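Subject: Handing over the structure

Hello,

I am passing this structure on to you, and I would be glad if you kept it open while you read the notes below it.

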Amino acid sequence: MASKIGSRVGNLAPRIRLGSRCLYSCGTSQRLINTAQLPVRHFFSASRTRWSTSPTLQKTERPDFSEPKQARTLTPIILLTLIGIGGAAYYLSAPPPRPDTLNDQFFVPYTITARETISPSSFILTVIPDTPSPVHPYLRPVNPSAESSSPASWRWPLWSVEFKQPEVQIARHYTPLPPREGDDPADGTLRFYIRTVSDGEMSHYLARRKVGQDVHLRGPHAGFEIAERLGDKSRVVFLAGGTGIVPGMQAAKAVLESNPSATFDLLWAVRKREEIQSGVRRPKRSSWKFWEEKRPTELGRDIENPSPVAKHLSAMKAAYGDRLKIQVVVDQEHTKFEPKHIENLLLDNSTWPSPTIDPFTNGCRFHDQTMHIGATEFGAGTAEKGPKCICPSDMSKPGKNLFIVSGPDGFIQHYAGQKLWVGGGQTQGPVGGVIHQLQHQHPLLREDWLVLKM
């Protein structure tokens, strides 16, 4: 077989054998080929014709060297088709644009316009949205056909927003102060009473922000419905510690403006006198009057050198008169709200026991205390969307007087019992602390008063 192949190849081109190398002539050029490196089964002649080493040699088709080039190049139609498909997929899969005004899904920028110092550890921050909006989600919808020019008002008696701390990616709820006399809520301005705490990442971050810088807010988040729980009852006692006074001010404004017969007792506990008055020394007590009882101080309309918060409270007192009673205690002055102070308010002879204690149905989310054990302050929804009251009602709206506690966790735990963490959120938990002791001494308190923690 080898001789046959050799004879035929010899007919195609002259050669000179040099050991394992063969010299082939191709026109005027010559090429030296190492036959040892060639595949055993194929030899290529100068004419680029491929021959098989099989016993019967057959001439094959000329190789198509254009195939690799076609594999590497897409036709314009295919390329345009792929671009179109990719563009459509991106358009369909891309998330919708984020809103640039206050909403409960995304944080939006607000600019700090003012900062009022109250004490070395507390201040009031005033912010306004970067993007003006004719409609704010926390305001009542305006009826275009209404002829009255009454100022805008808040939709909920209790609500808050979240601030974002971008350095450590955390968020915290803060409650805005209610509008003052002459303020226009429609301009979007919000004011917050903030106190820095030793381990508070968020409060220290806000303390470092200056006028003209941005903060990021998300919300609003509606809190507990007050009117639906109060019903036709008229008493609210709100016990606040520190900055917990702000939701108390929100609730007082909402209750006293919507219910002409309601009364509101606002109890405020602070650490130092400067939270109430600036530049005023604490009152001294005579050493020989060591037996003198240390009682809460009533906050009136006229306050010497009031702090911004106390000035706001004084204006509310002037607006609502005797229907709003404000008492304060100062921890630095060794005054506090004792159990007997709470008892005297809840067992006020002029209002308790109620002439009639409304029967309530077990399972009512507004009036059944056990239904509040697993309830969260911001997870119950609003009255217009959530379940309705299921208590029996003949001529009046069923309701209960309200005892509300707001402030640091230890403060709430002492007076009303610990809030519980369940599923990543804080729930009300069972009633405990001072209120539980009073309920044990006076069982009717359970029937006439509903306890809420904030």
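What follows is a short account of the pockets, the surface and a few backbone details.

Please bear in mind that this is a predicted model, in which local features need pLDDT of at least 70 and side-chain atom pairs count only at pLDDT 80 or more, while totals for chains, interfaces and linings use all residues. Residues are numbered from 1 along each chain as its sequence is written, and side-chain values use heavy atoms, with hydrogens and water left out.

The pockets

The largest pocket holds about 1900 Å³ of space. Here a pocket is an open set of points, on a 1 Å grid over the protein atoms alone, where a 1.4 Å probe fits and with protein on both sides within 12 Å along at least five of seven lines; lining residues have an atom within 4 Å of a point. Grid points are joined across faces, edges and corners, and the volume is the space filled by probe spheres set on them. Of the 50 residues that line the largest pocket, Thr243, Gly407, Pro408, Asp409 and Met454 lie nearest its centre. Among the elements that give two or more residues to this lining are helix H6 (245-258), strand E13 (263-270) and helix H9 (409-416), where helices (H or I, at least four residues) and strands (E, at least two) are DSSP runs numbered from the N terminus. The largest share, 6 residues, comes from H9. By class, the lining has 20 nonpolar, 18 polar and 12 charged residues, with Ala, Val, Leu, Ile, Met, Phe, Trp, Tyr, Cys and Pro counted as nonpolar, Asp, Glu, Lys and Arg as charged, and the others, Gly among them, as polar.

The second largest pocket has a volume of about 1200 Å³, and of its 45 lining residues Ser153, Trp154, Lys253, Ala254 and Glu257 are the closest to its centre. Helix H5 (227-230), H6 and helix H7 (308-320) each give two or more residues to this lining, and the largest share, 7 residues, comes from H7. Its lining has 22 nonpolar, 9 polar and 14 charged residues.

Tryptophan 268 lies in strand E13 and is buried, because its relative accessible area is 0%; buried means under 20%, exposed over 50%, and partly exposed in between, with a 1.4 Å probe and protein chains only. Tryptophan 268 and serine 406 are 138 residues apart in sequence, and 9.8 Å apart in space from C-alpha to C-alpha. Isoleucine 85, in helix H3 (residues 76-93), counts as exposed because its relative accessibility is 53%.

Backbone details

In general, most residues other than glycine have a negative phi, and most peptide bonds are trans. Glutamine 169 is not a glycine, yet has a positive phi of about 55°; this residue is found in the loop between strand E8 (159-165) and E9, and is exposed because its relative accessible area is 59%. Asparagine 305, also not a glycine, has a positive phi of about 45° and is found in the loop between strand E14 (297-298) and H7, where its relative accessibility of 40% makes it partly exposed. The peptide bond from glycine 219 to proline 220 is cis, with omega near 0°, and proline 220 lies in strand E11 (residues 214-222).

Best wishes
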